[in-house]
Amino acid sequence: MTKQIHLAAHFPGVNNTTVWSDPQAGSHIEFDSFVHLAQTAERAKFDFFFLAEGLRLREQGGQIYDLDVVGRPDTFTVLAALAAVTDRLGLAGTINSTFNEPYEVARQFASLDHLSGGRAAWNVVTSWDAFTGENFRRGGFLAQEDRYTRAESFLRTAWKLFDTGIGRFEHRDQHFDISGTFGVPQSPQGRPVILQAGDSHEGREFAAATADAIFSRYGTLEAGQKFYHDVKGRLAKYGRTPDQLVILPAATFVLGDTDADAQEKAAVVRRQQVSGATAIRFLEQVWNRDLSGYDPDGPLPEVEPLTGENTIAKGRASVRMFKDPAATVKEWREKAAAKNLSIRDLVIDVSARQTFVGSADSVATEINDLVQQDAADGFILVPHVTPGGLDEFADTVVPLLQERGVFREDYTGPTLRDHLGIR
C-alpha cells in the first residue's frame, strides 16, 4: 500500500544550518519571522511547526557562542501567539523534563491545546549537563539512565493530569510526590501529541513506550531503514503497533532549476554556513583548546586534542558526539591529507547537512522513495534561511507530491492527531 508522507517545518533558530549572510535572512526573535514560516507551512498543508529549545546559551572559551547571540525566546509564548494566526497547523514545542515540573508543563500544554483547537505537541527532552543545570535551582544533572527514568515518570504524571481535567489527582513515585486539583479542563486532543528525539538505547526505548512521533537524525536510505526497523520493532513489547509511531528525520534541502544547478547552489550554501571563524570554532570543540591562531584556509593543527572533564565548549552537543577526540582527529587528518583539505574545507566536508539537493522533481522523488522504502514516514524540514527558506519547497515540491497522490491536498481534520493519523 502506498504510504502518505508527513511533513513538518523546523524553525531553525540558532545553529550551523542558518545562513546569516544571505540577503533574505531575517530576525530569529521577531514575531513576524515565526508567523512567516508557520503560515507557509500551513499553506503547504504540513502536519506541524516545530520549535527546538535551549535552556542556556552555549559558550565557547568562556564567551557566548557566536551563533547563539540572538537569544532563544520562550517556547510557549511563541506557540500560543502562533495559535492565533494559524488554523490547522500543529504547534510543537520542546520542553525539558529534567528541570521543569509536571503540573506546570501539563497546565501549559493543556492551555495551548485549548487555544489552538487541538494542535499542541510536546517534544519531551532531557538535559545532560551541569552547565545547563546552573540556570535552575535544582542545579546539577542526572546520569543518562536516571534522566530517562525521570522523563518517563514526568510524562506519565503529566498524562494523569491531562486525563483528569478539572479534578483531583495524586501521583507518588521516586521522582514526584504531588496531589491536588488540576486547573484546566480536558483539552480537544485529550493529551498533546508526544514527540521524542533521543538516539541512545534508553531514548529509543522511551520513544517506543511513550511517543507518538520520533525526531530522527537518520535521513539516508540504509541508516534510515536500520533506525526505522529498530524503533518500530520495539513497539510490540509495549502493546503498540507500527502505525502508532511516526518516524520523522530532520532534513535540509537546496533546490535548483536542475540537479546541477542545485549542486552549485549547495556548494555556495555550505561555504556560507561554515565561515572561517565558524570552522575554527568547530575544530576547537574537538581539540578542546584555543585554535584562534590558526588559519582556517591552512592545514589542520599538529597539536593533539586535550581530554578530560573540562571542555572549551560549554553546552555543546559535540561533547557527546566526539567521545574519542583522538580517534576523530586521526580520522580527520587522514581525510584532509587524502583530499588536500584546509581546516575550513574539512569542516565543510565532515559537517555536511544537506539531505536533499536537486530540482523540485528530483527532491520530490527522493522524499517519496525514502518513505515508501520505510526509511522514514516523512521529514521535518530545516530551511537554511529564516523566515522565507521554506517558500520555494512549498511552491514547487509539495505540488509534485500532491500530484503523485502521496501528500494531502487539504487537511482532513482539525487536530494534529488527525494530521498524523494517530489515536
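**A close look at Thr75**

Modeller: Let's start with the neighbours: leaving aside residues up to four places away in sequence, Thr75 touches Leu51, Ala52 and Glu53, and also Gly93, Thr94 and Ile95. Keep in mind that this is a predicted model. Thr75 itself sits in helix H2, which covers residues 75-83. Its relative accessibility comes out at 1%, and since buried means under 20%, Thr75 counts as buried.

One of those neighbours, Leu51, leads us onward, because strand E2 spans residues 48-51 and also holds Phe50. Phe50 pairs with Phe215, and the two rings are edge-to-face, with 4.9 Å from centre to centre and 75° between the planes. Phe215 belongs to strand E10 (residues 213-216), so this pair ties together parts that are 165 residues apart in sequence. Phe50 and Phe215 are both buried.

Phe11 is in the loop between strand E1 (6-10) and helix H1 (31-43), while Phe34 is in helix H1, so here the linked parts are 23 residues apart in sequence. With 3% relative accessibility, Phe11 counts as buried, and Phe34, at a relative accessible area of 2%, is buried too. There is also an aromatic cluster, made up of Phe76, Phe109, Trp122, Phe154 and Phe176.

For another kind of packing, look at two other helices. H11 (residues 325-339) packs on H12 (residues 343-350) at about 110°, and their axes are 10 Å apart. Angles of 65 to 115 degrees count as roughly perpendicular, and H11 and H12 are therefore roughly perpendicular to each other. The crossing of H11 over H12 is right-handed. On the H11 side, Trp332, Lys335, Ala336 and Lys339 make the contact, and on the H12 side the residues are Leu346, Asp349 and Val350. By type, the contact has 4 nonpolar and 3 charged residues, with no polar ones.

Note on methods:
Residues are numbered from 1 along each chain as its sequence is written. This is a predicted model: local features need pLDDT of at least 70, side-chain atom pairs count only at pLDDT 80 or more; totals for chains, interfaces and linings use all residues. Side-chain values use heavy atoms; hydrogens and water are left out. Axes are lines fitted to C-alpha atoms, for helices over the stretch in contact, and angles run from 0 to 180 degrees between N-to-C directions. Helices (H or I, at least four residues) and strands (E, at least two) are DSSP runs, numbered from the N terminus. Angles under 35 degrees count as roughly parallel, over 145 as roughly antiparallel, 65 to 115 as roughly perpendicular and the rest as oblique. A crossing is left-handed if the near helix is turned anticlockwise from the far one by less than a right angle, and right-handed if clockwise. Contact means heavy atoms within 4.5 Å. Ala, Val, Leu, Ile, Met, Phe, Trp, Tyr, Cys and Pro count as nonpolar, Asp, Glu, Lys and Arg as charged, and the others, Gly among them, as polar. Buried means under 20% relative accessible area, exposed over 50%, partly exposed in between (1.4 Å probe, protein chains only). Rings of Phe, Tyr and Trp (its six-membered ring) pair if their centres lie within 6.5 Å; planes under 30 degrees apart count as stacked, over 60 as edge-to-face and the rest as tilted.
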